[in-house]
Amino acid sequence: MASTATVAAPHAPAAAPHTETGVWSWITTVDHKRIGILYFFSSIFYFLVGGIEALFIRTQLIVPENNFISADLYNQMFTQHALTMIFLALMPLTAAFFNYIVPLQIGARDVAFPRLNALSYWVYFFGGLMLLFAAVTKMAPNVGWFAYAPITERQYNPGPNVDFYVLGLQIVGLSSILAGINFIVTILNMRAPGMRLMRMPIFTWMVLITQVLIVTAMAVFTIAITQLMFDRMFGTTFFDPARGGDPLVWQHLFWMFGHPEVYILIIPIFGMISEVIPTFSRKPLFGYNVMVFASVLIGWLGWGVWSHHMFAVGLGPIADAFFALSTMLIAIPTGIKIFNWIGTMWGGSIRFTTSMLFAVAFIAMFTLGGISGVMHSVAPSDLQQTDTYFVVAHIHYVFFGGTVLGLFAGIYFWFPKLFGRLMDEKLGKIHWVGTMVGMNLAFFPMHYLGMYGQPRRTFTYPGDLGWNWMNLMSTLGAYLLALVTGVFVWNVIRSARKGAIAGDNPWGAATLEWSIPSPPPVYNFREIPIVHSRMPLWEEDASKEPGIPHGKVAEDVNAITVGGTQVGEMEYPDAESKMSAHDLGIHLPPPSYWPIILAFGILLVFGSLIFRNLDGALHNLWYLSVAGVLLVAVSIFKWAFEPGH
Amino acid sequence: MSIVNAADHAANPAHLDTSTGLDNRKMAFWTFIGSECLLFGSLIATYLAYKGRSLVGPLPHAGRTLTGQQAEGILDIPLTSLSTFVLLMSSLGMVLALAAVQRADRKGAITWLFATAGLGLVFLGFQAYEFNHFYHAGLTLQTNLFGSTFFLLTGFHGAHVLVGVIYLGTLGMLAVKNQLGPERSMSVEIAGLYWHFVDVIWIVIFALVYLIK
Amino acid sequence: MSSEQREIAHDRHSHPGPKQYVMIGVILTLMTVVEILAYYAEEDWGILNAGMAAAVIAILSAAKFITVVMYYMHLKFDSKIFTGIFIFPAALAILVIGAMYIVQQVLPRAGSALGS
Ligand code: HEM
Ligand SMILES: [Cu+2]
């Protein structure tokens with residue numbers, strides 16, 4: 001019950017020694033690092049699943065009039081591809097970094113609520129399984145990720161497909177909200193002494209803003225899908241035009257969530273890039289304050305632009321003008337960041353590691369995506385672009401060129417901290433080159449296809465429109481991406497076991513997570529550090545060159561080679577780093593199996609509703625819901641009174 | 001970078017503080033309430049978006065449907081005024097319970113915690129009566145937009161009240177077992193935050209749904 | 001002293017006591033009564049027109065909302081950080097409600113008035 005259980009409590013009774021290995025220890029773990037690793041591998045898995053779904057789509061489109069998959073399966077594939085990538089791969093992959101890195105960056109021993117953290121993971125785990133189940137049984141959602149009404153209503157879509165959408169996302173969304181609450185408290189409350197808000201590492205700042213968006217935007221979505229669920233299961237009239245329902249209400253609710261959602265996927269990446277670029281330029285981030293305020297501004301403005309997705313529905317000139325202007329406005333803080341990154345590199349001693357290559361590529365590709373975004377924001381022009389492949393080009397330049405490239409930069413950067421070993425740079429560079437060629441081959445032609453009129457979400461096209469070769473290029477690009485993603489996965493698996501030993505701080509980075517061993521001991525920091533500046537590990541360097549607040553480093557750049565010298569200051573004798581938390585008298589919360597049980601209860605509550613729309617004997621499994629509610633209630637009580645937490 | 005030794009902290013218990021000096025759970029609850037604002041906000045937004053758009057009756061207040069039929073008003077203002085008063089008084093009971101726990105007044109704590117939970121139950125009774133009455137008057141979830149939006153909004157609120165009743169009942173049991181001393185008043189304060197928030201939402205619902213036409 | 005204990009101590013000293021709580025309860029009740037009177041003033045007695053009644057009720061319910069949040073939920077006495085954590089989502093909720101009302105109720109009517 002103690003609110004500060006995870007901060008040093010020298011007199012608190014030390015926890016019983018943990019079982020350190022085995023499946024059970026992973027299931028019951030409440031250690032943020034292990035949960036981070038669970039998130040990491042789960043989301044990589046779903047990234048591959050989503051990729052396979054994309055290959056289905058692109059293979060179907062490789063030639064005109066193709067019938068590689070049926071129209072119905074095509075609908076399922078593009079919907080499931082988007083849902084998998086957004087909710088099961090990219091958001092959780094950012095969550096892997098929130099979990100692993102944020103507590104380390106702020107000098108904490110864990111998150112504020114370790115069990116809640118485990119719960120978030122297990123809820124996501126079950127929700128993901130549910131959506132995956134829908135895909136492999138060919139019952140996946142088939143209405144696009146924005147699931148416009150009224151095609152989602154039961155009379156038009158009688159199968160369980162949309163139920164999987166509603167219930168699966170309900171579960172996954174819950175996971176995000178719980179994690180959001182946890183991380184907001186963690187970041188505000190668990191910072192090491194001296195780490196004021198404006199001394200927080202920029203990544204932590206971006207995570208904070210992201211979490212605020214998650215707990216707010218996700219709530220709107222929760223209600224929207226609850227209403228849709230009631231329409232489908234209990235016959236309400238929310239989105240049924242025959243009984244007065246207005247499909248536009250769904251669109252508004254969806255995009256009020258949907259636009260903040262795209263920021264939820266990109267703001268953490270801004271943070272990662274803002275750690276990677278200064279480290280490999282050996283220069284502090286240019287315009288830290290501006291970066292923070294621009295992001296806060298984006299967080300606000302992001303709530304005022306949603307109807308730019310609805311220019312074509314006829315909201316009238318007042319609304320269209322308003323949302324066009326607000327959308328153009330939001331491009332400004334986004335543009336500022338681009339200049340900050342370029343300003344950071346300017347005059348720095350740049351080292352092009354794979355991580356840095358991805359970061360630089362991010363700037364270029366994301367800018368392209370931003371530019372097509374501004375093109376969309378011009379309402380009359382958007383009427384030509386909306387629902388065409390041009391939008392698909394835009395979203396892939398921001399999601400792939402933005403989120404995914406940024407995540408790759410982050411993975412190559414922090415992998416050594418997670419696994420104590422470096423990723424292979426040669427494979428990394430192959431991965432990088434292949435990704436750059438592949439993504440531009442796959443996505444650039446889509447701009448033109450869109451302008452020539454190819455609609456999105458259509459499973460085939462006639463052969464005489466001049467679209468053939470560009471579709472072929474695009475599909476070949478997708479194959480290339482699949483290939484190099486294989487290289488990447490191989491690199492991860494191999495390097496985790498055989499990579500060069502990293503040491504505490506292989507890159508000579510400036511923030512606290514690099515001051516401790518890689519991988520860190522369970523308790524992270526043997527002593528909680530005291531923080532005097534934004535870049536604690538570069539303070540020494542800064543003092544040599546007065547006048548520069550956080551230390552531009554002039555000396556000795558070449559000495560810091562990949563896999564080479566360690567720059568970190570704290571070096572622990574081996575024997576000491578092997579000491580357990582118990583030996584050191586550090587209190588850590590004991591493992592708990594209630595998170596997974598509670599998560600399973602939540603799965604039962606929602607999952608059993610699927611059966612309502614199935615015929616036959618399965619039809620009435622309502623008692624599973626009741627059992628789920630009971631299980632949830634029991635677990636909450638057990639949880640509240642569990643000793644040691 | 002300077003390092004402080006763990007042993008030094010033993011002498012300096014201030015280190016047990018969170019960075020803001022604020023309690024983790026209380027902060028988490030405020031964050032949760034923030035999220036709840038948007039949950040209820042979206043439900044209310046939908047209610048307002050569909051106000052006056054029902055194709056058939058019954059309607060909340062007497063008037064015409066979108067198709068021009070005259071329809072009865074179905075809301076019972078005197079009855080709901082009474083249940084609103086009950087919920088308001090339960091909020092008062094809640095703060096008195098907190099004050100009692102803080103004063104280590106066990107009897108007071110037990111009395112007010114159970115009184116608050118009891119008033120919550122009475123409110124739920126009113127709601128059950130109201131729902132049942134509406135059902136017999138021909139208003140269900142499926143009838144029209146008013147039925148869908150109204151039942152989902154107030155039902156969601158009622159579910160919150162129910163959770164709150166269980167929550168407060170549990171705390172009351174702890175008090176009975178003499179396990180709710182002043183050192184655990186934070187648990188009561190947090191339960192109070194939840195309870196008052198549910199009350200505050202009702203203030204909004206009562207005004208927007210019941211009183212304003 | 002942990003943050004929890006410190007905060008408990010802070011709360012015990014700075015929060016209002018039972019007397020003030022009851023006073024506030026009375027005030028809240030009175031405001032509710034006026035709200036209900038405003039409803040009947042429009043509905044049965046014809047003293048207020050619909051717009052005025054709505055304005056009175058809206059203002060009073062906002063006042064009640066703020067009173068409960070400030071006094072019963074102690075935001076007036078607690079750290080401003082809590083206020084911040086609450087205000088941002090609350091403002092967004094108002095934005096969601098207001099925007100939805102505008103796009104669904106106000107603009108369509110304005111649109112038909114403009115003849116478009
Ligand atoms: C400079 C900033 C940006 C502007 C001005 C902008 C503008 C727009 C506009 C107007 C649309 C609607 C196009 C249509 O459907 O006709 C759109 C779609 C979209 N944008 Fe952006 N955008 C920007 C940045 C981003 C970012 C950073 C992301 C995500 C990381 C993103 C993700 C999306 C997605 C996913 C869609 C398609 C949604 C769908 O219809 O399925 N955008 N954008
Ligand atoms: Cu958008």
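Helices (H or I, at least four residues) and strands (E, at least two) are taken as DSSP runs and numbered from the N terminus. The model is predicted, so local features need pLDDT of at least 70 and side-chain atom pairs count only at pLDDT 80 or more, while totals for chains, interfaces and linings use all residues. Residues are numbered from 1 along each chain as its sequence is written, chains are lettered from A and ligands numbered from 1 in the order in which they are written, and side-chain values use heavy atoms, with hydrogens and water left out.

**View 1. The loop between helix 4 and helix 5 of chain A, with A:Lys138 and A:Pro150**. A:Lys138, which lies in this loop, has a phi near 55°, a positive value in a residue other than glycine.

**View 2. The packing of helix 5 against helix 6 in chain A**. The axes of helix 5 (residues 161-189) and helix 6 (residues 202-234) of chain A come within 8 Å and cross at roughly 150°, where axes are lines fitted to C-alpha atoms, for helices over the stretch in contact, and angles run from 0 to 180 degrees between N-to-C directions. The two helices are therefore roughly antiparallel, a term for angles over 145 degrees. Their contact divides into 24 nonpolar, 8 polar and 2 charged residues, with Ala, Val, Leu, Ile, Met, Phe, Trp, Tyr, Cys and Pro counted as nonpolar, Asp, Glu, Lys and Arg as charged, and the others, Gly among them, as polar.

**View 3. The packing of helix 3 against helix 4 in chain B**. Helix 3 (residues 77-102) and helix 4 (residues 106-136) of chain B pack at an angle of about 160°, with their axes 8 Å apart, which makes helix 3 of chain B roughly antiparallel to helix 4 of chain B. By class, this contact has 18 nonpolar, 6 polar and 1 charged residues.

**View 4. The cis peptide bond from B:Gly57 to B:Pro58**. Omega of this bond is near -10°, and B:Pro58 is found in the loop between helix 2 (24-49) and strand 1 (63-64) of chain B.

Key: Angles under 35 degrees count as roughly parallel, over 145 as roughly antiparallel, 65 to 115 as roughly perpendicular and the rest as oblique.
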